[in-house]
Amino acid sequence: MANAAANKRELIEGRAALIVIDIQASTFRDFSEVRSIDNMPGYADRMLAARTAIDAARASDIPVIFIQEVHRPDLVDFGRELDGQEDVHCLEDNPNTALAVEQMGVLPTDYVVPKRRYSAFFGTDFEILLKGLKVDTLLMVGGLTDVCVHYTFVDGHQHDYFCRVIEDCVGGSSETAHEASLVAMEYLQTGARRGLDETVAAMKAVAKSV
């Protein structure tokens with residue numbers, strides 16, 4: 001490793017928030033062979049695993065923030081998003097665009113941040129919310145690993161947050177893209193890739209120390 005003197009950080013530094021990225025109803029309703037967005041094998045199971053992190057966060061008094069991708073039906077806010085592999089998705093008037101309320105156990109007390117682009121930071125009030133909650137560490141679950149999780153991670157990194165991805169609870173457009181993005185995020189912050197069990201343990205430890 002080039003930076004042999006890199007600081008070793010705790011899994012949770014300061015105050016944490018759990019960021020649930022784009023776990024929406026379509027994940028558990030649309031089982032089409034050809035989807036508007038490709039998912040790696042086992043994607044839905046990975047999203048379901050995020051529920052464990054959500055429940056643990058609530059038990060540890062860690063705020064849960066749901067990020068929801070949503071687009072206008074006339075497609076005016078897609079920009080260049082349809083120039084690649086993705087087809088039209090997450091339209092406001094489609095029931096599949098709703099958050100996966102039942103599977104994720106969404107509560108009225110949770111925070112919801114809608115977004116029009118990949119990053120949760122871009123054109124939203126996400127950082128205003130993080131500042132209000134005095135958050136230092138972003139614990140991320142959801143999808144896609146190689147798109148919205150990755151872009152949100154990078155923006156979080158550049159805004160000087162400690163960023164952690166619970167790799168059991170994220171899924172990519174393919175296994176190759178998923179792994180490549182995890183490697184890229186680990187490159188930016190050593191210790192970014194974390195397991196679900198160790199993250200839940202860290203949440204509990206933080207709760208006990210308060």
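This briefing looks at one helix pair, the aromatic pairs and a network of salt bridges. The model is predicted, so local features need pLDDT of at least 70 and side-chain atom pairs count only at pLDDT 80 or more, while totals for chains, interfaces and linings use all residues. Residues are numbered from 1 along each chain as its sequence is written, and side-chain values use heavy atoms, with hydrogens and water left out.

**Helices α1 and α6**

- Helix α1 covers residues 43-59 and helix α6 covers residues 196-209, where helices (H or I, at least four residues) and strands (E, at least two) are DSSP runs numbered from the N terminus.
- The axes of α1 and α6 come within 9 Å and cross at roughly 10 degrees; axes are lines fitted to C-alpha atoms, for helices over the stretch in contact, and angles run from 0 to 180 degrees between N-to-C directions.
- The two helices α1 and α6 are therefore roughly parallel to each other, a word used for angles under 35 degrees, whereas over 145 counts as roughly antiparallel, 65 to 115 as roughly perpendicular and the rest as oblique.
- On the α1 side, Ala49, Thr52, Ala53, Ala56 and Ala57 meet Leu196, Val200 and Met203 of α6, contact meaning heavy atoms within 4.5 Å.
- Sorted by class, this contact of α1 with α6 has seven nonpolar residues, one polar residue and no charged residues; Ala, Val, Leu, Ile, Met, Phe, Trp, Tyr, Cys and Pro count as nonpolar, Asp, Glu, Lys and Arg as charged, and the others, Gly among them, as polar.

**Aromatic pairs**

- A search of the whole structure finds three aromatic pairs, in which rings of Phe, Tyr and Trp (its six-membered ring) have centres within 6.5 Å, and planes under 30 degrees apart count as stacked, over 60 as edge-to-face and the rest as tilted.
- The rings of Tyr118 and Tyr151 form a tilted pair, because their centres are 5.3 Å apart and their planes stand at 55 degrees.
- This pair links distant parts of the chain, 33 residues apart, with Tyr118 in the loop between β3 (111-115) and α3 (126-133) and Tyr151 in helix α4 (residues 145-158).
- Phe121 and Phe126 have ring centres 4.8 Å apart and planes at 70 degrees, so that pair is edge-to-face.
- Both Phe121 and Phe126 are buried (under 20% relative accessible area, with exposed meaning over 50% and partly exposed in between, for a 1.4 Å probe and protein chains only).
- Phe121, Phe126 and Tyr161 form one aromatic cluster.

**A salt-bridge network**

- The structure holds 12 salt bridges, each a side-chain nitrogen of Lys or Arg within 4 Å of a carboxyl oxygen of Asp or Glu.
- Arg51, Asp55, Arg58 and Asp110 are linked in a network of salt bridges.
- Within helix α1, Arg51 and Asp55 are four residues apart, about one helical turn, and the closest N and O atoms of their salt bridge are 3.0 Å apart.
- Asp55 also forms a salt bridge with Arg58, the closest N and O atoms being 3.9 Å apart.
- The side chains of Arg58 and Asp110 meet in a salt bridge at 2.5 Å, N to O; Arg58 lies in helix α1 and Asp110 in the loop between α2 (101-104) and β3, so the pair ties together parts that are 52 residues apart in sequence.
- Arg58 counts as partly exposed at 24% relative accessibility, whereas Asp110 counts as buried at 12%.
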